[in-house]
Amino acid sequence: MARTLIKNGTVISPTGRHDFDVLIEGETILALLERGKSDSLSITADKVIDAKGKYVIPGGIDVHTHMELPFGGTAAVDTFETGTIAAAWGGVTTIVDMALQRYGENVHEGLAEWHRKAGGNCAVDYAFHQIIGGVDEQSLKDMTYLVDHEGVTSFKLFMAYPGVFYSDDGQILRAMQTASENGATIMMHAENGIAIDVLVQQHIARGDTDPKYHSYSRPSLLEGEATNRAIVLSKVAGNVPLYIVHMSASEALNALAEARHEGLNVFGETCPQYLYMTLEDHLARPGFEGAKFVCSPPIRSKHDKHDHHGDLWKGLRMNELAIVSTDHCPFCYKDQKELGIGNFSKIPNGMGGVEHRMELIYQGVVQGELSLERWVETCSTTPARMFGMYPQKGVIAPGSDADILVWDPNKKTKIGINDKHHMNMDHSSWEGTVIDGKVDTVLSRGMVVIENDKYTGRKGHGKFIKRGLCQYLN
Ligand SMILES: [Zn+2]
């Protein structure tokens, strides 16, 4: 088996920094050696990567992506091939995508469809959550089958999007009761979709149709309310593990923090857009440009009574928020976002970001928002543990998959459609952003997939990862 040695770098883990050389054999990590030991032991390797002055971290894990998702009469534009190549460019070596079952559809067929889309096409490893858009007797049974046999152990429900993905409180409770029996984690899109739909119609009727009204019609109070309601339901169902996706608002974070303080199995994630973007600077751009930044929950105002950005960064530091994901759901501006000209409610919801999460959260380290260790923890190690992939993923340790990101803190990255941009959309959500660091080399199960500013991987290298249960429960 081929041996690769990553020499002279600093290995970062959630618990510290160590000057280790990393020896890889085939697809897995064979050993960590103290600096200099690989020379004194005369270790030989087929390939040596010099990581002097660089950080060596477990490859990023993005647990919230939507490749090829049908939405709003169109579909997200990254295929599993283009999306996982972009992921590799961003130092991400595993994605967990959302397989889809809608009301009236069969769960097994939904999952099979996702295997068809991803199988043989991925540049890095992938796993699935299952969206349950129609909770009924059959889909509840199917959930247990997926946990026991398919390596799909988490199910996403929606309190938003009535008539599309929405579940009512009774359906949510039943799904949670099922999860309390089979051990699954319930993931929740927590926004009060029934109330939001009323506000949306009222805005449109008044002629408030520009992209920024997307945010005004989805107030943070309604994210807070839904988050709290989901938490209460999970408690009624027996403290079932609940994971609130893409948290954007202080009100929701407060509900989460209170639940965690109470000792409940409640966890949360946020995404880079909620840590950096504002209604005023992005959604409210002149003309229709704000449509690029329409996602749900929406980008919040910087003039709210809460400092959402500050609170979310603090939440990440304090482990109120466990994970940063992207909710990668890319749509082109032309012909897709443009579907909502004259009516913001017709703008497909979503942004592309799988390529930039490691970069953007590293910039948080540079800005003093969180530590290097916490960067690794929230973007790699905790995602692996939360969704049952540890220690195969999320750690640089003997026996683990050789999924590794070598990060250069001394170079810069300029993000933009004519700079660094490998996703399939016709624009970048992060146009012009400069990062004080750079993805240097990326390995996926021992294979170098990014090196010297070139993609060296191949379609079909990425394989499906069967997951176990959440590893944070008592
Ligand atoms: Zn999503």
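In this predicted model, Asn8 is found in the loop between strand S1 (3–7) and strand S2 (10–13). Although Asn8 is not a glycine, its phi is positive, at about 70°. Asn8 is partly exposed because 19 other C-beta atoms lie within 10 Å, whereas a residue needs 20 or more to be buried.

A positive phi near 70° also occurs at Asp335, again a residue other than glycine. Asp335 belongs to the loop between S17 and H13. With 10 C-beta neighbours inside 10 Å, Asp335 counts as exposed, since the limit for that class is 12 or fewer.

Eight strands form an open sheet in the order S8-S11-S12-S13-S14-S15-S16-S17, and their pairing is parallel. Strand S8 (60–65) and strand S17 (323–324) are the edge strands, each pairing on one side only. Within the sheet, strand S15 (residues 242–244) and strand S16 (residues 266–270) run parallel and are joined by three bridges. Ile244 stands opposite Gly268 in S16. Helix H9 (residues 250–261) lies across S15 and S16, and runs at about 150° to S16. Helix H13 (residues 357–366) also packs on the sheet, where it touches S8, strand S11 (92–101) and S17. The direction of H13 makes about 110° with that of S8.

Two peptide bonds remain to be described. Most peptide bonds are trans. The bond joining Ser296 and Pro297 is cis, with omega about -5°, and Pro297 is found in the loop between helix H11 (279–283) and helix H12 (308–317). A cis peptide bond also joins Tyr390 and Pro391, with omega about 5°. Pro391 lies in the loop between helix H14 (372–386) and strand S18 (404–408).

Technical notes:
Residues are numbered from 1 along each chain as its sequence is written. This is a predicted model: local features need pLDDT of at least 70, side-chain atom pairs count only at pLDDT 80 or more; totals for chains, interfaces and linings use all residues. Two strands pair if DSSP finds at least two bridges between them. Helices (H or I, at least four residues) and strands (E, at least two) are DSSP runs, numbered from the N terminus. Two residues are in contact if their C-beta atoms, placed from the backbone, lie within 7 Å. Axes are lines fitted to C-alpha atoms, for helices over the stretch in contact, and angles run from 0 to 180 degrees between N-to-C directions.
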